[in-house]
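Hello,

Here is the structure I promised to send over. Please open it alongside this email; my notes follow below.

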Amino acid sequence: MDAPRPWTSNFVAVSKRSKGQCQRNIERPDPRSLVSKPETGQYLSTFTCRLPFVLAFEADFGHDLGIPGEYLNEADAAVFGGAPFVRVRLFNAPVADRTFGAANLAVAVDHFYGAPVPHGEVDGKHLYEQWVTLETPAVFLSDEPAWDPAFAFHRSMAALNRFLEAFAIARGKDWVRPVSIRELRPTVAIGRLDLDGNWTAQGPMLIHPDAKPSPLGSRLLEQHVEQLNQALGLILAEAPFLRAGQWRARAERRKYEGDAADAIISYQVAAEVTLFELWGLLLLEEGVPAQDVAERREEQAFKTLLSVELGPRLGGSWDLTLERKPVGRYWADLYTLRNRIAHGGYQPTDGDAERAESAYEGLERFVDERLRARRKRYPASLIAKLGEGDEVLLARLDAEGQAEAAGRLGVLLQSRGDSTGAEAAFRRSRDRGSLEASVSLGKLLIDKGDRTGAEAAWRHADLGGSAAGAANLGRFLYVELGDIKGAEAAWRRADDRGSIEGAMNLGVILAERGDAAGAEEAWQRADARGSAEAAVNLGNILEERGEHDAAEAAWQRADERGSADGAFGVGLKARQRGDVDGARAAFRRADERGSAEGAVSLGRIMEQEGELSLAEELYARAEERGNLEGAFNLGVLLYKNGRLEEAEGAYARAAAGGLEKAIFNLGGVYFERGAKAEAAAAFRRIVDSDDVELNKRARNALAKCEH
């Protein structure tokens, strides 16, 4: 027998063994010896068992899987040929059943009814069982516990499951999966394979049966090898949507096995992972740095992910209350149902699982349709979501000279933190004529501190007619070089090409120059193109001009596009009308989107309604976002509840920011606890306040301190 060959990176088929190559000396040692102490030696431990499904290899298949780590004894490396490994070998064992006819069907029908029955056979092929044998050196690796008598078996099972995981991804078969030891029904045959090829049986390991074999169609061995290599690469690279697909596969299995609760929960996990990963890709394509994306994912609430983040980006109906639409149906038939199970202990039926599956599939189709509709804006996300986003495929298309593939590969590499590889891919795509890649290259270079390279990339895109290139060039000239004239010219070109950012920033420059009419016109164009920020600015202009209805309409558009400032404006108008419910809802949206002002305003409503704990939480959140009114209101609330020491701290923080009414209240707290000197110092800070009433009160309070 040849020396074992360690696995490097690829699957390699090995030739079929000739019969009689290994001598089979069947012995029956005492099974108790297997559980006493670990047995080691210069031989391979073997474990032969039946899988609960077939893998459809047309020929015998054998492969050495490399195992991370080193041998505990350095001498073992020389004996076994270098790196540790587990060899996986497969065998297809025919069974009596045929494709459409169980072997005992006629016998059973004859037993029950005394009559023959057609077997319905078409091709006459027999089914088969999938047998596997695992072979690994019977010596310890450096990271394996020395007390484990089954160390070789545990190592082999881990390698087998990695192999099966790769196979499932390569073939897209839900029922191929990592297996538990219980599923290796009913026994595992343990053996010893000497390095000269002599095999000796060491006894059976009894396993509880727990599996349902599922047949797969066959294909050529070469196709298996290629796809398995690609699948392993996806696993190691943690490709987008890979884990979501595995959770969906788990849901399919659990539904098939009758576990409705696990199926529903698994579908929900798959949905959340899919949507969060998709959002992350969209942000990356928009130029958000990978670190910022990771931080935002940690803080993002799931509900607003759908309505605020994904909805405006992908378009379509994301209203959670419209059950006739895919998102609304998903929310009712899967998300809410999952919560009933997880939080209420509801026992779902098979019908619930069917509806959950249908809702999940409807959501998937809807997301795919919206991605296709936004393919020009989010090309890399589309490829990744539809299964063509792996690095292997993109690299192949890139090698064929496709500009778009190189650019998308750059996006993928950048999302994984490989800025060097991403830069090279963007340069290839740019050199092949992609203006979008030139824009992406500029963003990458500016993040790396290469201002000259970034400017050159954006000028290249701008000269080619790219709206995004002109917009980014304008921002670079304005922020990095202070070239106001150059920035304005660049943003005008971007605006002329339909850029939201170009129109928006042009409006900013015109407003700074005092050209209010020009700014308003620019923001109107940006608003018409979907800019939430421009709609907010238009609302502010209209409100100052006394056009209150038009202002509210503008803020509503901004709110619908996910703007915190837009929601806050809508809340203000509702409050002015006395619409407390509308104001509460709008301020809540603003708060959820990170608005400090929204949190303060919502806190005031909660305080007025007696929800003091919630009001305190909202004021504290506003303060964390840098809002002095939040700190002041928190101090007032704490003071009313007799928590003077905490109130003093809140007033002090607001006073440190220069909020005069907080300074006055801080002086009052000092005075109450007898610290007249500190109180007087506080009141002196505001005796010259422009606020006449506050000025008067401060002088009176100071007089009390000095007597």
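Helices here are DSSP runs of H or I with at least four residues, numbered from the N terminus. Note that this is a predicted model.

First, the overall picture. The protein chain has 31 helices and seven strands. It is 707 residues long, and 46% of those residues count as buried. The accessible surface of the protein chain is about 34,900 Å². Carbon and sulfur atoms account for 50% of that surface. As for contacts, take those between residues at least 6 apart in sequence: 59% of them join residues at least 24 apart.

Is Glu 299 buried or exposed? Its relative accessibility is 70%. Exposed means over 50%, so Glu 299 counts as exposed. Glu 299 also belongs to a negative surface patch.

The relative accessible area of Gln 556 is 34%. Partly exposed covers the range between the buried limit of 20% and the exposed limit of 50%, so Gln 556 is partly exposed. How far apart in space are Gln 556 and Gly 569? C-alpha to C-alpha, the distance is 8.0 Å. In sequence, Gln 556 and Gly 569 are 13 residues apart.

Best regards

Technical notes. Residues are numbered from 1 along each chain as its sequence is written. This is a predicted model: local features need pLDDT of at least 70, side-chain atom pairs count only at pLDDT 80 or more; totals for chains, interfaces and linings use all residues. Side-chain values use heavy atoms; hydrogens and water are left out. Patches are made of residues with over 30% relative accessible area and no salt bridge: like charges are joined within 9 Å, nonpolar side chains (Val, Leu, Ile, Met, Phe, Trp, Tyr) within 5 Å. Accessible areas come from the Shrake-Rupley method with a 1.4 Å probe; for residues, only the protein chains shown count as cover. A salt bridge is a side-chain nitrogen of Lys or Arg within 4 Å of a carboxyl oxygen of Asp or Glu. Lys and Arg count as positive and Asp and Glu as negative; His and the chain ends are not counted. The place of a charge is taken as NZ of Lys, CZ of Arg, CG of Asp or CD of Glu. Buried means under 20% relative accessible area, exposed over 50%, partly exposed in between (1.4 Å probe, protein chains only). Helices (H or I, at least four residues) and strands (E, at least two) are DSSP runs, numbered from the N terminus. Contact means heavy atoms within 4.5 Å.
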